[in-house]
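Hi,

Here's the structure I promised to pass on.

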Amino acid sequence: MYFKEFQKDMCFAYLGGGTGILVSGAIWLISGLSGIYLTKEISILIFFLGGILIYPLGVIFAKFLDRSGKHQKGNPLATLATESTIILFVGLFIAYSIFKVQKLWFYPVMLMIIGIRYFVFQSIYGMKLYWILGLFLIMAGVLCLISNQPFYFGGIIGGIIELIFGVFVILKEMKNKT
């Protein structure tokens with residue numbers, strides 16, 4: 001297989017990653033909204049536990065939309081996707097450490113970290129749209145920081161951004177039958 005074929009395989013199996021974006025967006029939104037009504041710590045716990053469910057729920061959702069949710073054996077881009085998860089775990093540690101000092105900064109820092117992670121997804125799926133998604137999340141994080149938004153706001157805005165992009169990617173990839 002050539003690089004473009006590996007990307008095509010990933011795109012087809014996972015609907016361009018759209019189902020994962022959609023699940024992630026829902027988790028951001030639920031977590032952010034919980035920050036309004038529950039404690040900040042519970043909101044972060046929902047974000048963390050929900051984050052663990054992104055991949056399996058994304059696969060289930062891909063299967064529901066008639067995709068395999070499984071890439072071809074030996075596709076090296078699957079390894080890259082797994083390796084990029086380290087960015088997420090280190091980012092959670094950094095964001096939570098910052099939260100201990102400045103409570104309002106958890107979601108803005110996570111927005112920027114997840115935005116950075118999406119830049120890697122452009123290589124995995126071959127879709128420049130991931131650079132735009134990453135940039136939107138990074139800009140949202142920066143704007144939340146400099147405008148001193150309430151704790152929950154970054155979670156809600158992250159959810160909205162990802163839900164919009166997730167729907168767009170799924171609709172785009174549903175047109176691809178091979």
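Below is what turned up, topic by topic.

First, some ground rules: this is a predicted model, where local features need pLDDT of at least 70 and side-chain atom pairs count only at pLDDT 80 or more, while totals for chains, interfaces and linings use all residues. Residues are numbered from 1 along each chain as its sequence is written, and side-chain values use heavy atoms, with hydrogens and water left out.

Leu45, Phe48, Leu49, Ile52, Leu53, Leu57, Ile60 and Phe89 make a nonpolar patch of about 740 Å². (Patch members have over 30% relative accessible area and no salt bridge; nonpolar side chains, meaning Val, Leu, Ile, Met, Phe, Trp and Tyr, are joined within 5 Å, and like charges within 9 Å. Areas come from the Shrake-Rupley method with a 1.4 Å probe, and for residues only the protein chains shown count as cover.) Helix H3 (40–52) and helix H4 (54–64) are the elements giving two or more residues to this patch, and H3 gives the most, with four. (Helices are DSSP runs of H or I with at least four residues, strands are runs of E with at least two, and both are numbered from the N terminus.)

Now for the helix pairs. The axes of H2 (residues 18–37) and H3 come within 8 Å and cross at roughly 165 degrees, so H2 is roughly antiparallel to H3. (Axes are lines fitted to C-alpha atoms, for helices over the stretch in contact, and angles run from 0 to 180 degrees between N-to-C directions; under 35 degrees is roughly parallel, over 145 roughly antiparallel, 65 to 115 roughly perpendicular, and the rest oblique.) H7 (residues 129–146) and H8 (residues 153–174) pack at about 165 degrees with axes 10 Å apart, which means they are roughly antiparallel too.

And the salt bridge? The count is one: lysine 172 meets glutamate 173, at 3.1 Å from N to O. (The rule asks for a side-chain nitrogen of Lys or Arg within 4 Å of a carboxyl oxygen of Asp or Glu.) Lysine 172 is partly exposed at 38%, whereas glutamate 173 is buried at 3%.

Cheers

Note on methods:
Buried means under 20% relative accessible area, exposed over 50%, partly exposed in between (1.4 Å probe, protein chains only).
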